[in-house]
Amino acid sequence: MLAFRDGVQVFSAEGIRRELSDRVRSASSSAAARLGLLLRAGELESALEDLEHPAAARARQLTDLAAEACRADSAAVLAGWSGGLTFEPELPPQLRLRRPEGYAYYALHPGAYASLLPPQPDAGGVAVVGARSIGTSMSAAVLAELRARQVPAERITVRPSGHPWDRVLAPTTAFSAFVRRWPAARFYVVDEGPGLSGSTFLAIAEALERCGVSCERIELLSSHRPEPARLLARAAAARWSRYRNRALEGPTLPPGARDLSAGAWRSELYASEAEWPASHVMLERHKYRQGPGALIKFVGMPPYGEAPIARGQLLSRAGFSPGVRAHGTGYVAQSWIEGSPLRAPVTGRARLQRLLDYLVFRSRECPAESAPVGALQEMMRVNLAEAIGWELPPGLELRVEHLVYADARLDPHEWIETPRGELYKVDAIDHGDDHSFPGPCDSAWDVAGAIVEWRLTPALANELCEQYRLRTRDDVGARLPPYLLAYTSLRLARGRLAALSASSAEQARVARELEFYTDTLRRLAAASGQREASCDCSKSC
């Protein structure tokens, strides 16, 4: 089933050149500015390498200098680039840049990979192999550290291909020549993860072996240390054990802070574990509570966290969400709301009015310019077939009439009700534009999500659609049925993904969630075959 969307953004050549020039000029202002330059330069380098474009060499120079600037905490090495960027030959008219998930969602910092290097340099030098896309800037950070230690070193980036659980890397002429230049070197393979399979790391390491590098000279630098027996790649445990693995320990908490990541936040809100909703542990952002009044949450390294922070401040000023401010690199500090999470089914006129006010506000104040509706339609088609063996009937398509950055997390436990009856939407700023579906989409997505998650009765669902139409002039009900299907099928896909890595204690909660979404999806599919493509919630919800 499909849960994640393509994290590609299309930039014009002039647009990316102008942005990078601005970031070079601002690099002297702060560490965050230098980091933003490194990450965006790494994106450009990756895109050009994927195209085998000659300008990749120039982009690689910028990535390496940005990494040196980050390591030295100084922009001095960038002085020669401050007059504006030029590329020979010219960049392609349009570039597809891929947002690195670890930097945007999982609190990875490229400089942390330098800490994995052993204290003593290797006499034969070091060859660094980065897995594109995120491994590009990671490999540059490792190279900057090696050069600062005066260790002979060089880097290259590669992109394994194939099924996510069975990646392969066919050595190119450039890759083979790179290996030959370092006959006695230690080879570091750099990437985030490993994910569920570990196949990207394994594909690169095994390609190095095919080029003559002994497994004793290959080390995998990863964001965490996996349990090899649980990796889904073919014969993963045996293959992974051939190589040394150096892994990060995870973000360090300030003194006195309580880690609320990986579902631990539930202990702060519920009296017992029996009340806990399911948590998709692997997909949660890093977060912790510092003192009684603040929740610190990762929203993305620069430049990826800039839009979520602005969105959070917008929602806070409007009174819908807790106060938000930037907190260090990649994090926000959000006011802690004392109260109780809602539980489904949600009832009460005041609560439903607050939900309506929130949806109306987002429809007006969080507009988007484009939406990957084709990918969203394909997600719905695949997930319906995989989940319940149901084929979409002709004409049941996701229409896009009002583009927004959706909330995309309308579960009742995401709403905190204070003892005075005030209702706040928490976790509202980043999921509408993360690496999961839907991404920027039609306003119908959140209306569908509210109906499903709050388990609204048919009468209340119809009333919500009608009141929304009257206040926004957006007849969302007319295009709602396929969005109900798409939303529910995505939640089912995410739940199945969570089940692959859930602990035994979490499995039961995830199973209950899967049962609810499966039953809901079957009801919606049955109703969709009996009605026209306009919302009559008395039949569908």
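A disulfide here is a pair of cysteine sulfur atoms within 2.5 Å. By that rule, the count for this structure is 0 disulfides.

Before the details, some ground rules. This is a predicted model, where local features need pLDDT of at least 70 and side-chain atom pairs count only at pLDDT 80 or more, while totals for chains, interfaces and linings use all residues. Residues are numbered from 1 along each chain as its sequence is written, and side-chain values use heavy atoms, with hydrogens and water left out.

Start with C215. Which cysteine sulfur is closest to that of C215? It is the one in C211, and at 15 Å that is too far for a bond. C215 is also buried, at 14% relative accessible area; buried means under 20%, exposed over 50%, and partly exposed in between, with a 1.4 Å probe and protein chains only. C465 is another buried cysteine, at 8%.

Now to L78. It sits in the loop between α3 (56-72) and β2 (94-98); helices (H or I, at least four residues) and strands (E, at least two) are DSSP runs, numbered from the N terminus. L78 is buried, with a relative accessible area of 3%. Leaving out residues up to four places away in sequence, L78 touches V24, A27, L37, L62, L65, A66 and A69, where contact means heavy atoms within 4.5 Å. From L78 to V179 is 101 residues in sequence and 30 Å in space, C-alpha to C-alpha.

Last, R17. Is this residue buried or exposed? R17, in helix α1 (residues 13-26), is buried, at 13% relative accessible area. Beyond four places in sequence, R17 is in contact with L85, F87, E90 and L91.
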